[in-house]
Amino acid sequence: MKQRVWYADVLRIIAIIMVILIHIVSKDTNRYELETMDWQWLNFINGISRICVPILFMVSGMFFLDPKKNIEPKTMYTKYIWRLVRAFFVWSVIYVLFDQYKQPEVALTEEVDRTIIQIVQGYFHLWFLYRLTEIYVMVPLLRPLTKEKQLAIYFVLVSFVVGFLIPTINQFPVRSTDTVADNGLNVDITLGYAGYFMAGYLLSRYTLPKNWRRTLYGLGIIGFTVTVVGTALRSAQDGTMYSLFYEYLTPNVFFASLATFVFVKHSMEQVTLSEKMQKIIIHISKYSFGVYLVHVLIRDLIWDLGLNTTLFTPILSIPLLAALVGGISYVIIWGLMKIWEWIMNLVNQKNRKAT
C-alpha cells in the first residue's frame, strides 16, 4: 500500500480553515473603525490566512507534477478537469438560485442574460476553480519540466518575476482572484499560480538544507509581517482599507506560503500519528473540497440570522463562527456524499442483477 503523505492532508485542512476565516472576517471588516483593536484583530486574522490559496495550489502541484504518477492528457480532461467544471457549474447555479431567493422581487426568468453571466462568472469564491482548471490544462506542459531540477527552479523564478513582482509593482490592475469571464485569460496571473504549483512539487520532492530552511523561515516571517503590519499602516495612512498586501500573488504572501509549506512538511516528518489521528485527518481532508464549495452559502445564511462578528468581541466570535460555518458545511457535505454513495450502490446492484 502506498504510504500516505500526511503533511499534505494537514496543509489542506489548514488551508480550508483559513479560507473560512478570511470569508468571515472580510464580510465584517467594514463594521469596525480603522485602527481600533477590533479592526486590527480582523486584519491580523485576514493577513496570516492569506497563505490558504497558495497552499492549495502547492499541495495539488506536489501530486500532479510527480513523475512517478502517470497522468495522460486525456485523463486530465476526462477526470480531473471535468470534475472541476462539473463542480463549478453545479455550485454556481446553486448560488445564483440562493441569490434569487434573497431578492425575490427580481424574477429569474426575466433576467436571463444576467443570470447566464452570473452562472458563468460564478459566486466570488468559485474563482479558485477557474484558476485551478487553467493550471490543470497546463499540467501536460509542466510535467516535462520536473525531469530537470534546474529547469523547474527556473520556471518558478520566471513565474515569480512575471506573476508576482510585475503585478505587485503595477498594483494588480487585474486582481489575482478575477475569473476568465471578467477579464479574459490573464497570462501573468495564471503563471503566478503555476509558480505555486511547481514550487509545491519542488519543496515536496527535495529537502532543503537546514540553513536554507532557516532563511526561508526568516523570509516567511517577514512576509507575514508585511501582510499584516503593511496593511495596517497603509490603511491608516489612506484612511480606508488598503488590500494590496492581501493579494495571493505578492512577494510577501509567496514567501509566507513557501515557509509554511516547508515548516509543516518538516514538522510532520518528525511526528508519528496515532491510528485514531490518522483516521480523523483522512476524514476531514476527504471532505475539505466540498466544505470549500458550500461554506459561503452557510456563512451568508448565518449572517442573515444576525450572527456575525459583532455577536461577541471579535477575538471570541471569529473562531466560534468559523467552527459553526465549518461544522455545518462538513455535515452537509458528509450527508450529500452519503446519499450519493447510497444512490451509486443501488445503481450498481441493479446493473449486477441485469447482467
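**Entry 1: ground rules**

A cavity, on a 1 Å grid over the protein atoms alone, is a set of points where a 1.4 Å probe fits but cannot get out. A pocket is an open set with protein on both sides within 12 Å along at least five of seven lines, and lining residues have an atom within 4 Å of a point. Grid points are joined across faces, edges and corners, and a volume is the space filled by probe spheres set on the points.

I am working with a predicted model, where local features need pLDDT of at least 70 and side-chain atom pairs count only at pLDDT 80 or more, while totals for chains, interfaces and linings use all residues. Residues are numbered from 1 along each chain as its sequence is written, and side-chain values use heavy atoms, with hydrogens and water left out.

**Entry 2: the cavity**

I looked for cavities of 30 Å³ or more and got one. The largest cavity has a volume of about 60 Å³. Its lining is made of L203, Y206, T207, L208, R213, V262, K265, H266 and E269.

Which helix gives the largest share of that lining? Helix α11 (residues 251-268) does, with three residues. (Helices are DSSP runs of H or I with at least four residues, strands are runs of E with at least two, and both are numbered from the N terminus.)

I also sorted the cavity lining by class: four nonpolar, two polar and three charged residues. For the classes, Ala, Val, Leu, Ile, Met, Phe, Trp, Tyr, Cys and Pro count as nonpolar, Asp, Glu, Lys and Arg as charged, and the others, Gly among them, as polar.

Next I checked the largest pocket, which has a volume of about 1500 Å³. I found 40 residues in its lining, with R83, K286, F289, G290 and M337 nearest its centre. Two or more lining residues come from each of α1 (6-28), α3 (52-64), α4 (73-102), α6 (127-142), α12 (275-286), α13 (288-304) and α14 (314-354). Helix α4 gives the largest share, nine residues. By class, I got 26 nonpolar, five polar and nine charged residues in this lining.

**Entry 3: the whole fold**

How many helices and strands are there? I noted 14 helices and zero strands. The radius of gyration (taken over C-alpha atoms) is 21 Å, close to the 20 Å that the globule rule gives for 355 residues, so the protein is as compact as a globular protein of that length. The globule rule is 2.2 Å times the number of residues to the power 0.38. Along its principal axes, the C-alpha trace spans about 65 × 50 × 45 Å.

I then looked up burial: 47% of the 355 residues count as buried. Buried means under 20% relative accessible area, exposed over 50%, and partly exposed in between, with a 1.4 Å probe and protein chains only. For contacts (heavy atoms within 4.5 Å), I took those with a separation of 6 or more, and 85% of them join residues 24 or more positions apart.

W82 sits in helix α4.

At 1% relative accessibility, S92 counts as buried. Leaving out residues up to four places away in sequence, S92 touches Q118, I119, G122, Y123 and L126.

L129 lies in helix α6 and is buried, at 2% relative accessibility. I listed its contacts, again without residues up to four places away in sequence: L84, A87, F88, F289 and L293.

I298 belongs to helix α13 and is buried, with a relative accessible area of 6%. Beyond four places away in sequence, I298 touches V325, I328, S329 and I332. The C-alpha atoms of I298 and I332 are 9.7 Å apart.

Most residues other than glycine have a negative phi. E35 has a positive one, near 75°. I found E35 in the loop between α1 and α2 (37-48), and E35 counts as exposed because its relative accessibility is 54%.
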